[in-house]
Amino acid sequence: MTAAVTLPSAPPRRTPTVRQTLRAYRAMGRAAFRSLVAYQTSFLFGLLATTLAAVAMLYLWRSVLAAGRVNGFDWPAMKAYLLVAFVAGSLVSSYVDYRMAGRIQQGDVAMDLVRPVDYQRSRLAEALGFGGYELGTGLVVAAAAAALFGGVPAPAHRSLGAFAVSAVLVLPLRFGIVYISALVVFWTRNYVGVQSARIALITLFSGSLVPLSFFPGWLQGLAAALPFAGMASTPALLYIGRLTGADAWRDVGVQAAWTVGLWWLGRAMWRGASRQLTVHGG
Amino acid sequence: MARIEADDLRKVFRSPDKRPGLAGSLRHLVERRYSEKVAVDGISLRVDEGEAVAYVGPNGAGKSTTIKLLTGILVPTSGEVRVNGIVPHRNRVENARGIGVVFGQRTSLWWDLAVRDSLELLRDMHGLSTAEYWANLDRLVEMLGIGDLLSSTARRLSLGQRMRADLAAALLHDPPIVYLDEPTIGLDIEVKDRLRAFLRQIVAEGTTLVLTTHDLGEIEDVCSRLVIIDHGRIVHDGGLRQVIETYARERVMHVDLAARPVSLAGIATRLAGATVIEERDGLGVAVTFDPLAHTAGDVLTAIQAELQVVDLRIKEPAIEDVVRRVYAGQLIPGPDDSPDDSPDDSPVR
Ligand SMILES: Nc1ncnc2c1ncn2[C@@H]1O[C@H](COP(=O)(O)OP(=O)(O)OP(=O)(O)O)[C@@H](O)[C@H]1O
Ligand SMILES: [Mg+2]
């Protein structure tokens with residue numbers, strides 16, 4: 001027996017320093033990255049599906065644009081647009097999603113409530129950790145597709161700053177939507193339907209397959225107001241230089257506002273959900 | 001100093017009354033009907049620092065639900081709860097720093113990680129220093145015998161191995177309060193013994209322990225206080241010895257005889273209030289008596305006055321007897337006011 005430790009009976013737990021708190025979340029991010037082996041299959045199949053869809057869209061748009069520019073898009077710009085949208089769409093698409101919903105359904109979320117960390121920040125940390133992997137594979141696939149389709153232009157100089165900000169916002173924004181849709185499981189007890197609905201909404205309103213400028217005017221207006229544009233359309237348009245100047249920063253502003261708004265909406269939902277939580281079994 | 005204070009805690013589960021199938025779901029949308037289940041029905045409890053409380057009761061009594069209320073996992077329907085001076089469900093993060101929890105049927109380990117990685121993650125979450133971590137880990141590894149398990153992925157562990165790893169995960173940060181909800185599911189006898197020794201030790205060192213279990217041996221070994229709950233209410237709360245004295249006071253003296261007796265009536269008349277039963281095909285007698293009414297010596301003298309005694313044993317009441325009675329719905333205050341052979345007595349709640 002190593003009798004060196006005495007279990008303290010009373011010391012009020014010291015409040016952790018900022019550094020300790022960061023260490024906790026960094027560790028969770030790393031753990032998410034490390035558990036990717038277990039999620040590899042679902043992740044790779046998801047990647048395969050989105051890759052095939054993206055390649056199909058590339059072929060489709062190439063033949064559409066063969067005759068010339070449509071709606072202001074020429075073929076090289078469209079290629080770049082679709083690939084940026086593809087990489088953006090690969091973020092926060094597997095780990096947090098399945099894990100959170102699964103744990104809520106199984107009641108294992110109970111164990112998350114007795115951990116000394118904030119639930120939402122922990123999930124964000126995991127999304128960031130796993131996001132490293134998603135971003136890496138997304139970029140590799142996009143580079144391969146770019147090579148297959150004869151290269152893509154570099155990001156437009158005029159909107160480079162706005163693009164950088166927008167690109168950084170993609171992950172937390174997507175996290176907000178994924179987090180909220182997984183929390184819905186507290187009420188629906190079913191995730192498949194919620195997930196399909198979310199994917200359908202994102203696919204349509206993020207402009208990841210068809211740029212939003214191809215929509216009729218009223219639908220464009222609606223899409224611009226929704227959070228989904230910031231998940232693909234905004235960064236992709238900035239990359240190809242279709243959004244510049246004040247317009248660029250306005251759209252990045254909308255994207256940032258939604259990122260923050262969804263974060264707080266998620267917080268409110270979590271409070272509600274964990275107040276009326278019932279845990280099955282045991 | 002009270003570590004845990006619960007005051008009139010109630011938890012009512014409301015679950016939708018849905019008929020099966022799509023039609024049932026649609027119907028539920030139109031007319032919402034719920035059924036209510038009172039799982040915890042007005043529980044008040046004070047647990048002082050360093051106390052070890054056994055929390056027992058039949059299946060569905062509300063034990064796990066109480067633990068979930070005390071740990072802040074569930075929000076009570078009404079009533080108050082304070083643990084370490086804070087309201088657990090309002091301040092879950094701070095609460096989690098001061099408690100360790102094991103639910104036998106759930107794991108707090110990360111399924112996809114090696115046990116060691118899970119423990120390191122918990123180290124970082126609790127902000128333990130390297131020195132604290134290693135000291136605690138060494139001790140837990142030794143007490144729980146989990147040295148070989150550290151490099152296995154949690155999902156590959158057997159039930160008993162997982163339980164041990166979970167115990168280590170719950171105790172890694174030296175929590176002043178530990179809740180264990182059926183922690184011995186799946187443990188073999190050797191590990192159970194080791195765990196008991198370990199629990200005795202942390203209690204001796206001042207850890208407050210709340211333990212639910214169906215393994216009554218564990219209670220006698222580790223706990224000094226017994227709380228019995230049934231239908232969401234506390235039916236008894238008291239010192240373990242005192243409970244046995246109150247509810248299972250009678251002793252049974254088993255006597256082996258040289259020859260078959262003609263009659264046992266003589267013994268019964270000598271010992272008012274005792275029951276005398278024939279055993280071993282007439283070659284034995286069992287006398288059930290209240291030690292406050294008759295000493296063991298009196299009983300033996302009475303038997304010897306009538307019969308020739310070859311051998312004898314006295315059976316002390318065990319915690320099992322108390323709990324078995326509660327489970328059977330016939331908890332009765334002592335053998336003399338209300339004898340065993342009137343099971344139609346209304347159960348005490
Ligand atoms: N989420 C829930 N929704 C509805 N009813 C529930 C829920 N959880 C528990 N119950 C009910 O509450 C009662 C108490 O359950 P609890 O799990 O606390 O029992 P227990 O004392 O731990 O039993 P056991 O010894 O079987 O573990 C049971 O009747 C159970 O069916
Ligand atoms: Mg239980």
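**Exercise 1.** Find which element gives the largest share of the shell around ligand 1.

*Solution.* Start with H2(B): this helix supplies three residues, the largest share of the shell. (Helices, H or I with at least four residues, and strands, E with at least two, are DSSP runs numbered from the N terminus.) Next, strand E2 (34-48) and helix H2 (63-70) of chain B each bring at least two shell residues.

A word on ground rules: this is a predicted model, where local features need pLDDT of at least 70 and side-chain atom pairs count only at pLDDT 80 or more, while totals for chains, interfaces and linings use all residues. Residues are numbered from 1 along each chain as its sequence is written, chains are lettered from A and ligands numbered from 1 in the order in which they are written, and side-chain values use heavy atoms, with hydrogens and water left out.

**Exercise 2.** Work out which residues surround ligand 1.

*Solution.* Count residues with a heavy atom within 4 Å of the ligand: there are 17, with B:Gly60, B:Gly62, B:Lys63, B:Ser64 and B:Thr65 the closest. Now check the chains: both A and B contribute, so the site is shared between them.
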